[in-house]
Amino acid sequence: MSTDRAWLKQALACLAQEAARSADTHLLRLDLPAFPGIRFYFKDEAAHPTGSLKHRLARSLYLYALCNGRLRAGQGVIDASSGSTAISEAWFARLLGLRFQAVMPDCTAPAKVRLIHSLGAECVLLPPGLDASEVARDRATAEGLCYLDQFGLAERATDWRGNNNIAESILAQMALEPDPEPAWVVCGAGTGGTSATLGRYLRYRRLDSRVCVAEPTGGAFAEGWRTRDPKAVASQRTLVEGIGRSHAEPGFLYDVVDAVEEVDDADSIAACWWLEGALGRRYGGSSGTNLVACLRLAAGMRERGERGAIVSLLCDRGERYAETLFDAGWLARQGIGLAAAQTALLARLAS
Ligand SMILES: *Cc1c(COP(=O)(O)O)cnc(C)c1O
């Protein structure tokens, strides 16, 4: 028992040290002259050491597992992921000296799989039709592993009242801006953890800011938000990784989300290509989905003569999709033509 507690203390100290070494991510401003009086801000979550917003979640999931007595010295760790979380979890596993297995769909971007391997972790790639969460849970039981369960626990593992969660960080960074209270905060929904934290925290701080989920067209969050059906499923698949779940996840808290914007994949991809030119860096598909939703909300505000700030997220590094979303040949093989979407995006930015 006492050796277990000694290891636990050491593991928690290791995570506290990692947090102390880490800086906050930048809140970048984007000026879009087509929308006078509306200011756009994007939080660069790709800047985390593991390249995505899942760095925050992975740290929280390990802390949650450790403090709940579910993760012990020498125990292996497993989780289901579309890749970003697995990269962050593998990185923290290496930091803590633990073995890690990632259960992912076999269509996951190859660069993500290579990154997980290079962190010393194992990948279990599943053909379509198999549920990664179920496989991860079964393996955890069979092999005595700790199941981090991002989809089950994301909404709970994050301290929604503060402790430098993403919402608290955004509001602190907005404090000196002309509109410190954003009109909208826009994010995607994978685990639903980010939208839950934002929605709860904005209420807790007694602000009027609203939360919009940017969702691939036909995704399960959009369907569940409309119907409040806990068994909601997607009517369409998406090429955008990290969001657009096939079924409603336990962390989808529809009641704190004020709007859902559904975005076609071609529009998301055209937008993430455009972001590279605007920001000088590549970001993943879900960052493009966010941008399209921001532009739609801004167009509505402009029409009504409203001014204010719209805040969103750059969720992960675009380099991970060099062989997929940023490869014109790959896109053509998926039946995605970007030309029309690019023209529509430029028209929206010009009007
Ligand atoms: C997980 C993820 C999201 C969505 O965030 P959640 O907090 O899980 O809902 C968006 N984009 C990317 C790239 C992700 O990995």
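**Burial, salt bridges and a domain interface**

Guide: Serine 286 is located in helix 11, which spans residues 285–303; helices (H or I, at least four residues) and strands (E, at least two) are DSSP runs numbered from the N terminus. The model is predicted: local features require pLDDT of at least 70 and side-chain atom pairs pLDDT 80 or more, while totals for chains, interfaces and linings use all residues. Residues are numbered from 1 along each chain as its sequence is written, and side-chain values use heavy atoms, with hydrogens and water left out.

Visitor: Why is serine 286 called buried?

Guide: Buried means under 20% relative accessible area, exposed means over 50%, and partly exposed lies in between (1.4 Å probe, protein chains only). Serine 286 has a value of 6%, and is therefore buried. Leaving aside neighbours within four places in sequence, serine 286 is in contact (heavy atoms within 4.5 Å) with Val240, Glu241, Ile243 and Cys315.

Visitor: What makes arginine 228 and aspartate 255 a salt bridge?

Guide: The term requires a side-chain nitrogen of Lys or Arg within 4 Å of a carboxyl oxygen of Asp or Glu. For arginine 228 and aspartate 255 the N to O distance is 3.2 Å, and the pair qualifies. This pair joins distant parts of the chain, 27 residues apart, both partners lying in the loop between helix 9 (220–227) and strand 9 (259–263).

Visitor: Is arginine 228 buried, partly exposed or exposed, and which of these applies to aspartate 255?

Guide: Arginine 228 has 41% relative accessibility and is therefore partly exposed. Aspartate 255, at 61%, is exposed.

Visitor: How do you know that glutamate 155 and arginine 156 form a salt bridge?

Guide: Their side chains meet at 4.0 Å, N to O, and the pair is counted as a salt bridge. Glutamate 155 is buried because its relative accessibility is 12%, whereas arginine 156, at 46%, is partly exposed.

Visitor: What makes glutamate 306 and arginine 304 a salt bridge?

Guide: Their closest N and O atoms are 2.8 Å apart. Glutamate 306 itself is partly exposed, its relative accessible area being 32%. By this rule the count comes to 19 salt bridges.

Visitor: How is the chain divided into domains?

Guide: Domain 1 comprises 19–52 + 157–350, and domain 2 comprises 55–155; the bounds come from an automatic or database domain assignment. The centres of the two domains, taken over C-alpha atoms, are separated by 24 Å.

Visitor: How do you know that domain 1 and domain 2 are in contact?

Guide: In domain 1, 37 residues are in contact with 28 residues of domain 2. The area buried between the domains (accessible area, 1.4 Å probe, lost by two parts on being put together, summed over both) is about 2,500 Å², with carbon and sulfur atoms giving 51%. Thr50, Ala157 and Arg320 lose the most area on the domain 1 side, together 27% of what that side buries.

Visitor: How many salt bridges cross the interface of domain 1 and domain 2?

Guide: The rule finds five across this interface. Aspartate 24 and arginine 56 also form a salt bridge, at 3.6 Å, N to O. A network of salt bridges links Asp24, Lys43, Glu45 and Arg56.
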